[in-house]
Every structure is written in C-alpha cells, then in structure tokens.
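Colleague: I would like to go through the labels on this model. Please set each one against its definition.

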Amino acid sequence: RESAAQDVNLVLREISVPGVFVTAFFGSLDPADGALYSGNCGHPLPLVRRRDGVTTPLADMADVPLGGLDHIEPPMVTTRLGPGDAVVMYTDGVVEHPSEAGGFFGVERLTTAVAAAPQADADGILASILTHLARHAGQCAASDDQCIVVCSRDVVDGL
C-alpha cells in the first residue's frame, strides 16, 4: 500500500522527539508473479541476488527518513524476482560492523557474501553472510544493532 510510509510517518510525527527519525524499507511480494513492490525511507538499499549468483542493489529509490517531515511520498519501485532469486534486506549495523583492523564490513563485502552463497535459498544466503561477517569481524564486537532478512522465491517445476 503506497500510503503505508505516510501512515507510519504521521504516527512518528505525533509521538517522536523533534530531530529523531527512523529509516525504513517497505516491501510487498506477490508470490504469484514475483513482483516486489517497494519503497525506501532512508534505509540501506536491499540487495537482489539472481538465481545465477549475480548480486546488485535494488533500484535506487532512497527517500527521506520517517518522522522528519509532515508529509512524505517515497517513490515506489517494482522489481521482478524470478524463481531462484532472492532479496536481502539489512540494517546499517551490518555494513558498519568494524574489524580488528578498523575497517567496516561494507556493502561491497556484503554483496560478495551474498553472491558467494553456495545455496541460493534464504538459509544458504544468510549462512554465507554470517560466515563472511564473522571472518571480517574477528573478535571485534558490533557497535550497532544488526538485522538481516533474506526472502527467496522458490524454484518451481525445475525452472
């Protein structure tokens, strides 16, 4: 629903402290045809992993975070997920996870981890991300909250 972002924005405007904002990614997947309808309010761009392993950011649709303005209308984008494709959503705490050497995990390493998953299903992609992230971090603890959500579209009839 296109007004979901504005509905949440209005609630945040009523209850939040001035200067406080929230980033969010809104998405709705139609399992029948694989259409992912999405909008982004200042959140890191999700990654799309195609069945063949090619991994790219979702179309750039960044808009302002929620709670900062009275009215927002984030652009909505439609992306088709074919059988065997997946979308990876994550918080900034994942890509900003430091290493013992001082560098962040970053979007490039995350993209490599997603593409390197030997299994293209959600569990396989998540396992690859967690392995790469642990290898990068070593003993260095996360400095921010982390959340990763992977949604994959099943392969149907051997396609």
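Modeller: What follows takes the salt bridges, then the accessibility classes, then the sheet. This is a predicted model, in which local features need pLDDT of at least 70, side-chain atom pairs count only at pLDDT 80 or more, and totals for chains, interfaces and linings use all residues. Residues are numbered from 1 along each chain as its sequence is written, and side-chain values use heavy atoms, with hydrogens and water left out.

Colleague: Why is the pair of Asp 70 and Arg 13 called a salt bridge?

Modeller: The term requires a side-chain nitrogen of Lys or Arg within 4 Å of a carboxyl oxygen of Asp or Glu. The closest N and O atoms of Asp 70 and Arg 13 are 2.7 Å apart, and the pair is listed as a salt bridge. Asp 70 is in the loop between β4 (55-57) and β5 and Arg 13 is in helix α1 (residues 4-15), so the pair ties together parts 57 residues apart in sequence. Helices (H or I, at least four residues) and strands (E, at least two) are DSSP runs, numbered from the N terminus.

Colleague: How many salt bridges does a search of the whole structure find?

Modeller: It finds 3. Another joins Arg 50 to Asp 85, with the closest N and O atoms 2.8 Å apart. Arg 50 lies in the loop between β3 (47-49) and β4, and Asp 85 in the loop between β5 and β6 (86-90), so parts 35 residues apart in sequence are tied together. Asp 33 and Arg 80 also form a salt bridge, again with the closest N and O atoms 2.8 Å apart.

Colleague: What makes Asp 85 count as buried?

Modeller: Buried means under 20% relative accessible area, exposed over 50%, and partly exposed in between (1.4 Å probe, protein chains only). Asp 85 has 7%, so it counts as buried.

Colleague: Why is Asp 70 called exposed, and what is Arg 13 called?

Modeller: Asp 70 is exposed because its relative accessibility is 55%. Arg 13, at 35%, is partly exposed.

Colleague: How do you know that β1 and β2 pair?

Modeller: Two strands pair if DSSP finds at least two bridges between them. Here 7 bridges join β1 to β2 (residues 35-41), and the two run antiparallel. In one of these, Phe 25 has Asn 40 in β2 as its bridge partner.

Colleague: What makes β1 and β5 edge strands?

Modeller: The open sheet has 3 strands in the order β1-β2-β5, with antiparallel pairing. β1 (24-30) and β5 (77-80) each pair on one side only.
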